[in-house]
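Work through the exercises below with the structure at hand. Each task is followed by a solution in steps.

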Amino acid sequence: MSARLLLFTGKGGVGKTTLAAATAAALAAGGRKALVVSTDPAHSLGDAFGVPLGGAVSEVDAGLHAAQIDPRSLVDDAWRELRGHLRTVLAGAGVDELDAEELTVLPGVEELLALAEVRRLAGTGPWDVVVVDCGPTAETLRLLSLPEALGSYLERLFPTHRRVVRGLLAGLAGSTSVERWDATADALGRLAESLEQLRVLLTSPATSVRLVLTPERVVAAETRRTVTALALQGIRVDGVVANRLVPHPGAARGAAASWMRTRRAEQDAVLASLADLGAVRCVEHRAGEPVGLPALLEIAARLYGDGDPLEGAAAEGPLIDVVRVDDEYELRLAVAVGDSDLDLVRVGDDLAVTVDGRRKLVALPSLLRRCVVVGAELDDTGLAVRFRPDPDLWMR
C-alpha cells in the first residue's frame, strides 16, 4: 500500500469524526484522491457528510470517497473459517467441544478485522491518502496494539517454521489426517502473515495518528498519555488538534462576554501546557452544526488555512535507536514520558518498558544482549537507557 494513512482519534465527544471528514474533504478539494473510512461503532461519519454510508466504498464528491465499516458483519464472514481451524487445534489438545467454542470467541477480534478491512480498502483503490476515523482513544489504543500482541502470542503458540507447526498439530491429532492439520497450519500461517502486515503498516513512516481534544485538563491529560502509549507501540503522532475553543469576545462587555474571556483564558492555559507536544492546531466553536461538505470545508479552512493538511506527517527519525557514548551504549526511545510513572525491567533479551501501566517489550539488538543495564535518564528527546558490555557475556 503506497497511500498515506492518517488516523484520527481522541476522547469520545471531542469531534474527531467531524475533523477527519473535514480533512479528507480538504485533501480531495486540493486535488488528492482521498478515502475516509470510519471504524467508530458510533457510525457518525455519514451524518457528518449528510449522506448514507455502508461498508462498500461510495463517492461523496469528486476525488472523495467514504465507507463505514461494520465489524460485526466482518466477524460473521471472515472469522468463521479461522474459528473452525482453532476449534480443531483445541479439540486435538483435549479441550471439550463446548469449551473450544467459547475459547475461539477472542476479545478484540472485531477491532482486528476492522483494521484489516481498512488495509484491504486502502489497497483496492487509487488513493493518495486514506483518512481513518477511529473510535475513542481507549478503543483505538487497543485496536492499534492488537496486531503486535496477537502476533506475539501466535508465534509463541505456533512457531513460524511450518514443519514445526505441522509436527505439533499432527502430534495432537493422533489418528486425525495430516491433511486436515495442514489446512489448519496454513490458516494460522495466513493469520500470522496478516498480523505482521498490519504491524508493519501501523509502524510505517507513511502512517501517523492525529489526536483531537477539547481544551480541558482531563482531556489534555488523556491526550498526553495517548502520545506516550502510541510511541511505545512505534506509532507516530503527527499533530494535535484542539477543537471547540470559545471564540474571543473582543471588546464586548457584559456577563456573557466576561464568561467567554474567563473560559477562553482557561482553555489557553490548557493548550500552553501541551506546548512540548509541538504546534497545536485550533478550531473555534461554531454556532451552527457542521454537517455537509460546505460546512466541513469551512472547518478545514479554519484548521489548515492555506497549508497542507498533511503537513507535519513526515518521519522525524527512528523511534528506537542505539548510539555509542564513550565505553557505553545508549538505547534511545523517543517516548514523551513527562510526569508519567516509568518502570524498566530487563527480561532476558528484551527490555520491558512500562509507562502508566502500559507495557512494551523492546527486543534488544544482539549487541546489547551481551551488555548490562547501568542506568537510565529522561530528557526532552525521550528515554535513554545506558548499557555497558559485560565481559562474561561477551565470552559466551
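Buried means under 20% relative accessible area, exposed means over 50%, and partly exposed lies in between. The model used here is predicted.

**Exercise 1. Cover and pairing of a strand**

Task: Find how many residues of strand S12 (residues 350–355) are buried, and state which strands pair with S12.

Solution. 
Step 1. Apply the 20% limit to strand S12: five of its six residues are buried, and the strand is mostly covered.
Step 2. Strand S11 (residues 342–347) pairs with S12 in the antiparallel sense, over six bridges. Within this pair, Leu344 is opposite Val353 of S12.
Step 3. Take the partner that follows. S12 also pairs with strand S13 (residues 358–363), again antiparallel and over six bridges. Here Val353 has Lys360 as its bridge partner.
Step 4. Look at the turns. Two residues separate S11 and S12 in a hairpin, and Gly348 in that turn has a positive phi of about 60 degrees. S12 and S13 likewise form a hairpin with two residues between them, where Asp356 in the turn has a positive phi of about 50 degrees.

**Exercise 2. Surroundings of Glu330**

Task: Decide whether Glu330 is buried or exposed, and list its contacts away from its sequence neighbours.

Solution. 
Step 1. Compare its area with the limit. Glu330 has a relative accessible area of 12%, so it counts as buried, because buried means under 20%.
Step 2. Look for a polar partner. The side chains of Glu330 and Arg332 make a polar contact of 2.8 Å.
Step 3. Leave aside neighbours within four places in sequence. Glu330 is then in contact with Asp321, Val322, Val323 and Val325, and also with Ala384, Val385 and Arg386.

**Exercise 3. Arg388 and a cysteine it touches**

Task: State how far apart Arg388 and Val374 are in sequence and in space, and which residues Arg388 touches.

Solution. 
Step 1. Arg388 is located in strand S15 (residues 382–389). With a relative accessible area of 42%, Arg388 is partly exposed.
Step 2. Arg388 and Val374 are 14 residues apart in sequence, and their C-alpha atoms are 6.6 Å apart.
Step 3. Not counting residues up to four places away in sequence, Arg388 touches Glu328, Cys371, Val372 and Val374.
Step 4. Cys371 is buried, at 1% relative accessibility, whereas Cys282 is partly exposed at 32%. The whole structure holds zero disulfides.

**Exercise 4. A residue in helix H1**

Task: Which side chain joins that of Thr23 in a polar contact?

Solution. 
Step 1. Thr23 is part of helix H1 and counts as buried, at 0% relative accessibility.
Step 2. The side chain of Thr23 is joined to that of Tyr304 by a polar contact of 2.6 Å.
Step 3. With neighbours within four places in sequence left aside, the contacts of Thr23 are Leu6, Phe8, Leu303, Tyr304 and Pro309.

**Exercise 5. The chain and its confidence values**

Solution. 
Step 1. Start with the whole chain. It has 13 helices and 15 strands, and 44% of its 396 residues count as buried.
Step 2. The mean pLDDT of the chain is 79, and 74% of its residues reach 70 or more.
Step 3. The pLDDT is below 50 over residues 97–105, a stretch with 13 contacts in the model beyond near neighbours in sequence. Where pLDDT is low, the predicted coordinates should not be read in detail.

Definitions and conventions. Residues are numbered from 1 along each chain as its sequence is written. This is a predicted model: local features need pLDDT of at least 70, side-chain atom pairs count only at pLDDT 80 or more; totals for chains, interfaces and linings use all residues. Side-chain values use heavy atoms; hydrogens and water are left out. Buried means under 20% relative accessible area, exposed over 50%, partly exposed in between (1.4 Å probe, protein chains only). A polar contact is a pair of N or O atoms within 3.5 Å; within protein, one must be able to donate a hydrogen and the other to accept it, and residues adjacent in sequence count only if both atoms are side-chain atoms. Contact means heavy atoms within 4.5 Å. pLDDT is the predictor's confidence in each residue, from 0 to 100. Helices (H or I, at least four residues) and strands (E, at least two) are DSSP runs, numbered from the N terminus. A disulfide is a pair of cysteine sulfur atoms within 2.5 Å. Two strands pair if DSSP finds at least two bridges between them.
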